[in-house]
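Please open the model in your viewer and keep the selection panel at hand. The stops below are given in the order in which they may be selected.

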Amino acid sequence: MFSSEMIPSQQNHVVTTIETMPPETITSSPTMVQRIRKVFSRELLVTLALGQVLSLLICGIGLTSKYLADDYHANTPVFQSFLNYILLFLVYTTTLAVRQGEENLLAILKRRWWKYMILGLIDIEANYLVIKAYQYTTLTSVQLLDCFTIPVVLLLSWFFLLVRYKAVHFVGVGVCLLGIGLMVGTDVLVGRQQGLGDHKLLGDLLVLGGATLYGISNVCEEFIVKNLSRVEFLGMMGLFGSFFSGIQLAIMEHKELLRVPWDWQIGLLYIGFSACMFGLYSFMPVVIKRSSAASVNLSLLTADLYSLFCGLLLFQYKFSGLYLLSFVIIMMGLVLYTSSSTYVAQDPRIYKQFRNAGHPITDTPTLGPLEPSVTYTSLRQEIEEEPRIRVA
């Protein structure tokens with residue numbers, strides 16, 4: 001590399017520099033152990049663990065709903081959601097009410113009340129449609145069609161949050177869906193009770209509608225908790241959710257409530273459902289802020305497996321080793337998806353800022369035609385080492 005005519009002093013200087021160079025600067029590529037440690041980082045493991053906490057909460061919601069519907073014939077999806085929204089109102093809406101300045105409840109309502117009103121209606125109907133679907137279609141259909149939330153979240157994140165995915169993310173999603181398909185197929189093989197399914201088409205349409213609304217709600221939630229605050233989102237959901245679900249309850253389910261055979265056991269089931277639902281709503285924004293709505297929805301695919309494992313003890317479900325295999329496959333898909341960061345194409349002309357909804361936006365004068373400027377930044381910064389230079 002160096003010329004033979006180099007003067008002796010320069011040659012000595014080069015030799016000294018090479019000899020004193022730290023060993024780590026001339027090492028080869030990272031070992032397999034280092035690569036595994038980089039993939040299974042502390043952040044990834046914490047994200048996976050938090051997602052499984054959400055799955056366990058959904059498992060509790062499903063178990064209490066099953067007991068209410070099957071054992072006590074209490075088909076009250078609106079009332080169950082209404083209890084959750086009341087808890088959100090008492091905790092988070094009152095917190096906003098006592099705040100000062102721009103984060104006060106009245107200040108937020110003055111700027112963007114109608115957006116939260118629409119979002120509240122979407123969230124209410126998403127819960128109602130999916131819970132109602134269990135009365136018309138089979139458990140297998142609900143488990144499969146509820147996965148429609150994932151492509152909805154991916155598409156909405158692409159167009160409205162400007163998230164850009166890599167090939168590994170699509171592979172991870174495919175592996176997760178393969179795992180849920182194996183789980184549903186195992187249900188059929190072992191003859192697990194699937195429900196009556198008297199109006200299967202209606203039930204399937206209800207699940208698809210609910211999954212679509214869930215996707216819209218999750219993407220809006222991601223934008224709000226990452227740009228505004230978690231307390232603001234939950235406070236507004238408590239305010240508008242309790243108001244509109246109360247109206248829907250009075251119109252649609254007042255007769256169902258009168259037919260419920262009230263006793264202390266039913267009361268405990270409603271309390272358990274409300275506690276799990278309130279925990280899910282309170283904790284999900286924390287996980288979404290750390291990761292994304294798509295990652296959270298992939299994590300929730302394991303909720304059906306947790307419900308199954310509980311059913312082995314409570315409802316005498318038949319066990320199969322394929323259930324464990326499906327759980328491993330879903331977790332492998334989650335690791336693939338979360339092991340690589342997504343990117344955001346930042347163009348301020350794509351959508352208006354949610355924060356400045358109540359104030360006019362003045363455009364700065366331009367001297368010529370405005371050229372589109374799109375930059376890409378990582379949602380999770382990955383620090384790459386500088387390329388090492390070898391001196392031969």
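Select Thr76 and display its surroundings: apart from neighbours within four places in sequence, Thr76 is in contact (heavy atoms within 4.5 Å) with Glu253, Glu256, Leu257, Val260 and Tyr270. Thr76 lies in the loop between α3 (42-71) and α4 (77-98); helices (H or I, at least four residues) and strands (E, at least two) are DSSP runs, numbered from the N terminus. Thr76 counts as buried because its relative accessibility is 0%; buried means under 20% relative accessible area, exposed over 50% and partly exposed in between, with a 1.4 Å probe and protein chains only.

The model is predicted, so local features need pLDDT of at least 70 and side-chain atom pairs count only at pLDDT 80 or more, while totals for chains, interfaces and linings use all residues. Residues are numbered from 1 along each chain as its sequence is written, and side-chain values use heavy atoms, with hydrogens and water left out.

Next, select α3 together with α15 (321-338). Leu44, Leu48 and Gln52 of α3 meet Phe327, Met331, Leu334, Val335 and Thr338 of α15. The residues of this contact comprise six nonpolar, two polar and no charged; Ala, Val, Leu, Ile, Met, Phe, Trp, Tyr, Cys and Pro count as nonpolar, Asp, Glu, Lys and Arg as charged, and the others, Gly among them, as polar. The two axes come within 11 Å and cross at roughly 135 degrees. Such axes are lines fitted to C-alpha atoms, for helices over the stretch in contact, and angles run from 0 to 180 degrees between N-to-C directions. α3 and α15 are therefore oblique to each other: angles under 35 degrees count as roughly parallel, over 145 as roughly antiparallel, 65 to 115 as roughly perpendicular and the rest as oblique.

Move to α7 (149-159), where Thr149, Ile150, Val152, Val153, Leu154 and Ser157 are buried. The elements covering these residues include β1 (163-164), α8 (167-190), α9 (200-227), α13 (293-299) and α15.

Within α9, select Gly203. Gly203 is buried, at 0% relative accessibility. Not counting residues up to four places away in sequence, Gly203 touches Ala133, Tyr136 and Thr137. The C-alpha atom of Gly203 is 7.4 Å from that of Gln135, a residue 68 residues apart along the chain.

Finally, colour the cysteines. How many disulfides does the whole structure hold? The search finds zero, a disulfide being a pair of cysteine sulfur atoms within 2.5 Å. For Cys147, the nearest cysteine sulfur is that of Cys176, 9.5 Å away. Cys147 is buried at 10% relative accessibility, and Cys176 is buried at 0%.
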